[in-house]
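This report goes through one protein model, from its overall make-up to a few individual residues. Please keep the sequence and the 3D view open while reading.

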Amino acid sequence: MSSIYRTLTGGTLRDIALACLAVWFIGLSYGAIATASGFPLWVPAAQSVLVLAGASEFLFIGIVAAGGNPIAAALAGLLVNARHLPYGLALPDVTGRGWRRLLGSHVMNDESVVFALAQEDLPRKRAAYWACGLGVLLCWPAGAILGALIGRAIGNTDAFGLDAMFPAVILALIMPALRDRVTVRAALAGAAIALATTPFLPAGLPVLLALAGVACTLSRRATR
């Protein structure tokens, strides 16, 4: 850890600390929503450590709480996490080798990848990646467990607006990608499919069917 602090500038460390603080606050809402939705405390606690992917955890909790099939919820979470595949290809030398690569893959998230890619050379990329990844590894479970305890105490999280955190997190993840017309068409097509099938299908399946919107992107790029 001392080498990380020596390698990174004060501004980068400050930004990483602020990002980890934001992750902690989101973890509070996740844990509170999970327990208030009827899940035992160990579910958000275990997911926050073993899955360590906020968007997919929110999605799983939301689908199951709405009455969806846990298998469909898990598949939806895996699809959300599919973005980690290009992340790993973009940072092949950052995670290290052996057991470090296993741990480095586990702490891979949007924040750690963004901070790593923003650095100029490999030592700084590694330092930023590990500083943010390990920070999230501490802050996300801490927030989720504390939030779960709060959720058990207050019961109705809707009164505090915490239920809005899930769609807000998903929206924040997809907004940077909505910069070209092809992606926007795919998103609108997927949204239309999900809205059309929601009244007739179990919770979770409309989300999976919405992936058919990706065909708009593939067909357009093939034409080009």
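Which are the buried residues of α8? They are Asp-110, Ser-112, Val-113, Phe-115 and Ala-116, where buried means under 20% relative accessible area, exposed over 50% and partly exposed in between, with a 1.4 Å probe and protein chains only.

## Basis of the model

The model is predicted, and local features need pLDDT of at least 70, side-chain atom pairs count only at pLDDT 80 or more, and totals for chains, interfaces and linings use all residues. Residues are numbered from 1 along each chain as its sequence is written, and side-chain values use heavy atoms, with hydrogens and water left out.

## Overall make-up

The protein has 13 helices and 0 strands; helices (H or I, at least four residues) and strands (E, at least two) are DSSP runs, numbered from the N terminus. Of its 224 residues, 38% count as buried, and the accessible surface comes to about 12,300 Å², of which 69% belongs to carbon and sulfur atoms. Accessible areas come from the Shrake-Rupley method with a 1.4 Å probe, and for residues only the protein chains shown count as cover.

Contact here means heavy atoms within 4.5 Å. Among contacts between residues at least 6 apart in sequence, 70% join residues at least 24 apart.

## The largest nonpolar core

In soluble globular proteins, nonpolar side chains tend to be buried together. A nonpolar core is a set of buried Ala, Val, Leu, Ile, Met, Phe, Trp, Tyr and Cys residues joined through side-chain atoms within 4.5 Å. The largest such core in this model has 35 residues, of which Ile-16, Ile-61, Tyr-129, Val-136 and Trp-140 touch the most other members. The elements that give two or more residues to this core are α2 (10–36), α4 (54–65), α5 (70–80), α8 (110–117) and α9 (122–154), and α9 gives the most, with 9 residues.

Val-136 is in contact with Cys-20, Val-23, Leu-52, Asn-109 and Pro-141, leaving aside its neighbours within four places in sequence.

Glu-57 lies in helix α4 and counts as buried because its relative accessibility is 1%. A polar atom of the Glu-57 side chain lies 3.4 Å from the backbone nitrogen of Ser-48, and a polar atom of that side chain lies 3.2 Å from the backbone nitrogen of Leu-52. Not counting residues up to four places away in sequence, Glu-57 touches Tyr-30, Gln-47, Ser-48, Val-51, Leu-52 and Trp-140.

Leu-52 itself lies in the loop between α3 (42–50) and α4, where it has a positive phi of about 55° although it is not a glycine. Leu-52 is buried, with a relative accessible area of 5%.

## Two buried threonines

Thr-35 lies in helix α2 and, at 10% relative accessibility, counts as buried. A polar atom of its side chain lies 3.1 Å from the backbone oxygen of Gly-31, and the side chain of Thr-35 also reaches the backbone oxygen of Ala-32 at 3.3 Å. Beyond residues up to four places away in sequence, Thr-35 touches Leu-41, Pro-44, Gly-147, Ala-148, Gly-151 and Arg-152.

Thr-95 lies in the loop between α6 (84–90) and α7 (99–106) and counts as buried at 6% relative accessibility. Leaving aside neighbours within four places in sequence, the contacts of Thr-95 include Arg-100, Tyr-129 and Trp-130.

## Salt bridges and a surface patch

The structure holds 2 salt bridges, each defined as a side-chain nitrogen of Lys or Arg within 4 Å of a carboxyl oxygen of Asp or Glu. Arg-14 pairs with Asp-15, the closest N and O atoms being 3.4 Å apart, and Asp-15 is partly exposed, with a relative accessible area of 33%. The side chains of Arg-124 and Asp-121 meet at 2.4 Å, N to O; Arg-124 is partly exposed at 32%, and Asp-121 is partly exposed at 26%.

Ile-145, Leu-146, Leu-149, Ile-150 and Ile-154 form a nonpolar patch on the surface, with about 370 Å² of accessible area together. Patches are made of residues with over 30% relative accessible area and no salt bridge, like charges being joined within 9 Å and nonpolar side chains (Val, Leu, Ile, Met, Phe, Trp, Tyr) within 5 Å. Ile-154, whose place is in helix α9, counts as partly exposed at 33% relative accessibility.

Key. Polar contact = N/O pair within 3.5 Å; in protein donor to acceptor, adjacent residues only side chain to side chain.
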